[in-house]
Amino acid sequence: MTQPILALDFASPEEVSSFLKQFHEPLFVKVGMEYYLQNGPQVISKLKEDGHSIFLDLKLHDIPTTVHKAMKGLARLGVDLVNVHAAGGVEMMKAAKEGLAEGATDEIPKLIAVTQLTSTNEEQMKREQLIPVALDQSVLHYAKLTKQAGLDGVVCSVHEAALLRESIGETFFKVTPGIRLAGGVAHDQNRIATPLQAKEAGSTHIVVGRAITGASNPLESYHQIVTEWESI
């Protein structure tokens, strides 16, 4: 079973180092824009030295040539998973995949695309993005484009995971953020779920941030989430 992906939503290497000292095992961690852009690619090297698997969450979205070149460079870091925005289109996603293949010195990182952010609700999507369909249909449309482009899967909420499993299949990655333990605070996420709900819906990977990093006992919270995630 794939480990929960632990979001390192910190600003400095000191904060990350202090936090990870609580764990005595290799983790699957997510490095996002806050940490990566403020500290640079050396943070990836340190995490790799410590044996962690890495999801580099930069959500690239630009013209195909630019994304191709960026992914070619990111592939050299040796991360395990990277992403783009599906809204960039099929040609951009294909270019991202080609860039990864050209830049990888070992195993090619898996590549997924963001459909709709879990902070986006349907009313907001319709008003601000001028997308007239239901939110789950927008997610499904982006997922089908992602599959067409040859990527490994998508980022979606748990609430669309079952639909994608039925429409695209079990093995297509459904990476679901917004994971909370029962009774947990939603923060700025509109579409949240528990690890068990994610598993039952068909998520292949879960991303957990503040439910662990903001907990009074992060290690205990992590193991609670692992136990629930692996319970079926």
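F10 and F19 are both buried, where buried means under 20% relative accessible area, exposed over 50% and partly exposed in between, with a 1.4 Å probe and protein chains only. The model is predicted: local features need pLDDT of at least 70, side-chain atom pairs count only at pLDDT 80 or more, and totals for chains, interfaces and linings use all residues. Residues are numbered from 1 along each chain as its sequence is written, and side-chain values use heavy atoms, with hydrogens and water left out.

**Aromatic pairs**

- Rings of Phe, Tyr and Trp (its six-membered ring) pair if their centres lie within 6.5 Å; planes under 30 degrees apart count as stacked, over 60 as edge-to-face and the rest as tilted.
- The count by this rule is three aromatic pairs.
- One of them is the tilted pair of F10 and F19, at 5.2 Å centre to centre with 45° between the planes.
- F19 also forms a tilted pair with F23, at 5.4 Å centre to centre and 50° between the planes.
- F19 counts as buried because its relative accessible area is 6%; F23 is likewise buried, with a relative accessible area of 6%.
- Through ring pairs, F10, F19, F23 and Y222 are linked into a cluster.

**Salt bridges**

- A salt bridge is a side-chain nitrogen of Lys or Arg within 4 Å of a carboxyl oxygen of Asp or Glu.
- Seven salt bridges are found in a search of the whole structure.
- Among them is the contact between the side chains of K30 and D57, at 3.0 Å from N to O.
- K30 lies in strand 2 (residues 28–32) and D57 in strand 3 (residues 53–60), so this pair ties together parts that are 27 residues apart in sequence.
- Helices (H or I, at least four residues) and strands (E, at least two) are DSSP runs, numbered from the N terminus.
- K30 is buried at 10% relative accessibility, and D57 is buried with a relative accessible area of 7%.
- D57 also meets K59 in a salt bridge of 2.9 Å, N to O.
- The side chains of E128 and R127 form a salt bridge of 2.9 Å, N to O.
- E128 counts as exposed at 53% relative accessibility, whereas R127 counts as partly exposed at 47%.
- Salt bridges with shared partners join K30, D57 and K59 into one network.

**Backbone phi values**

- Most residues other than glycine have a negative phi.
- K59, a residue other than glycine, has a positive phi near 50°.
- K59 lies in strand 3 and is partly exposed, with a relative accessible area of 23%.
- L130, also not a glycine, has a positive phi near 55°.
- L130 is placed in the loop between helix 6 (122–129) and helix 7 (135–148), and it counts as exposed at 70% relative accessibility.

**Surface charge**

- A patch of negative charge on the surface gathers D9, E14, E15 and E34.
- Patches are made of residues with over 30% relative accessible area and no salt bridge, with like charges joined within 9 Å and nonpolar side chains (Val, Leu, Ile, Met, Phe, Trp, Tyr) within 5 Å.
- Asp and Glu count as negative and Lys and Arg as positive, while His and the chain ends are not counted.
- E15 is found in helix 1 (residues 13–20) and is partly exposed, with a relative accessible area of 38%.

Key: Accessible areas come from the Shrake-Rupley method with a 1.4 Å probe; for residues, only the protein chains shown count as cover. The place of a charge is taken as NZ of Lys, CZ of Arg, CG of Asp or CD of Glu.
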